[in-house]
Amino acid sequence: MKLSDLLKHVPGILARPEADPDIIAPIVEDSRAVEPGGIFVARVGGSADGHRFIPDAVARGVAAVVGERPPAEISAPVPYAQVEDAALALAVLAAARAGFPSRRLTMIGVTGTDGKTTTAMLIHSIMRAAGLAAGMITTISAELGDESLDTGLHVTTPTAPEVQGYLARMVEAGLTHCVLEATSHGLAQHRVSAVDFDVAVVTNIQHEHLDFHGSWEAYRDAKARLFHHVATSTRKPGVPKLAVINLDDKPSAGVLLDIPADRHLTYSLDPASGATVRAGEVVYGPDSTRVTIHLPDDGMVNVSSALIGEYNVSNILAAITAAYGLGLPVEAIRQGVEAVKAIPGRMERIDEGQDFIAVVDFAHTPNALRRALEAARLMIPPEGRVIVAFGSAGLRDPEKRAMMGRIAAELADFTVLTAEDPRTESLDDILAASAEAAREAGGVEGETFWRVPDRGEALHFAVKLARPGDIVLACGKGHEQSMCFGTTEYPWDDREALRAALRGQPLRTLPTARGL
């Protein structure tokens, strides 16, 4: 494929090269990944200017470079194109080189603060139950038909070239549908901007990532990009443009309803809400949830799910609303929901023969922590106690540290504050912010909450507090496979750490404790 054939799809080109080389290798934004005959896209990231690495890309045999700086500032001996937005150019170039695979798939995008992965997996399961050849891309894995790939250790939405590569492999495998989890970072950084979406689903938009977006409104607008993509994407024969909106998430619902779509479908936990899909009777148990779902025209589906808690009922409603909008049979909807027995790192039980419940959950936002603790109460007898261990990440939204400390003090019986990716921030300062809020909410340090900086020791401490009938939750890491101290990602798995704690053999996390 010629460079000019790819560039004709890119918006905002400010300068084009005269030379028109053949592009025979991938398009990348990491100069270390350059292959001879490919394209290097130089963009300005959060911590580095990609233009600095153009000489390295040239040395590795790149055929052309695309960047944002004027050609006069670039002394590269290869064709150079200047664009307004290199991140957008990267997405479009990757899609063009892959043959725009999303145009041959019915694309369902799922966004929101909490519940994205669970909702995506539920939709995928329903589509499979309906006999559709469906793939899926989440922050946990990429399901490409008969092949499943891990999408990373500590990730958000995969990069634009990775997304397009996965979609191309789905098309090659004969798949017809794809569910794609779209994070706010992935949307804001154009990782999915060249994906032609047909359905947009939102779970909720809560307090998170304000360090990156600057304000809740900017964060909401990043999520809303998915709905704008649906409104402006290429139309496919017989596939409607659908918007699936949580009517219970009132601050954002009105904004999303104003974005054009062929149909706006809503869902709600409130039977009297007037939503398209509504929850009726809900029975919460320690191991399952039974719910009656009301569909339009007096339709109904009764579901018994292994997923626990009110927030998972909301996730189920989101998935069912999307499936209803796609015209999938009610029986397939029921079978698909009931087939999802567990989500990795989401209320995942850890059993080492102990006489209390131990759970790992990804709850790392105030809203998710609150919902996890509320769900935990449903899983134990009235006399049982909720014990939670969690932290708050460094170089991320600092406001949530106090919010989460306050929530834990209000809803848990015992709280253990610990490390969760402190990065280059002071772990002691992060813990102090949560501890101060816990005290303000009535917690007593040394009696109802503790600071245990090493996460492995913290889980061991939490386990030692437990007695029969209690529940211990390790919140914040979920499925993730690493922990960041400084600028280094160290291997870490909360599930293995909790197992070790239950065996009385705590794993160490702090680099100093591990001799690092």
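Select Glu425, which is partly exposed, with a relative accessible area of 28%; here buried means under 20% relative accessible area, exposed over 50%, and partly exposed in between (1.4 Å probe, protein chains only). The model is predicted, so local features need pLDDT of at least 70 and side-chain atom pairs count only at pLDDT 80 or more, whereas totals for chains, interfaces and linings use all residues. Residues are numbered from 1 along each chain as its sequence is written, and side-chain values use heavy atoms, with hydrogens and water left out.

**Salt bridges**

A salt bridge is a side-chain nitrogen of Lys or Arg within 4 Å of a carboxyl oxygen of Asp or Glu. Arg401 lies in helix 13 (residues 399–411) and Glu425 in the loop between strand 20 (414–417) and helix 14 (427–440), so the pair ties together parts that are 24 residues apart in sequence. Helices (H or I, at least four residues) and strands (E, at least two) are DSSP runs, numbered from the N terminus. At 7% relative accessibility, Arg401 counts as buried.

Next, select Asp198 and Lys241, whose side chains meet in a salt bridge (3.3 Å, N to O). Asp198 is in the loop between helix 6 (184–188) and strand 11 (199–202), and Lys241 is in the loop between helix 8 (216–232) and strand 12 (242–246), so the pair ties together parts 43 residues apart in sequence. Both Asp198 and Lys241 are buried.

Then select Glu436, Arg439, Glu445 and Arg451, which are linked in a network of salt bridges. The count of salt bridges by this rule comes to 29.

Move to the open sheet, in which 5 strands follow the order 1-5-4-3-2 with mixed pairing. Its edge strands are strand 1 (13–15) and strand 2 (27–28), each pairing on one side only. Two strands pair if DSSP finds at least two bridges between them. Select residues 39–42 and 64–67: strand 3 and strand 4 pair in the parallel sense over 4 bridges. Ala42 stands opposite Gly67 in strand 4.

**The hairpin**

Finally, select residues 482–485 and 488–491, where strand 23 and strand 24 pair in the antiparallel sense over 4 bridges. Cys484 has Glu489 in strand 24 as its bridge partner. This hairpin has 2 residues between the strands, and Gly486 takes a positive phi near 65°.
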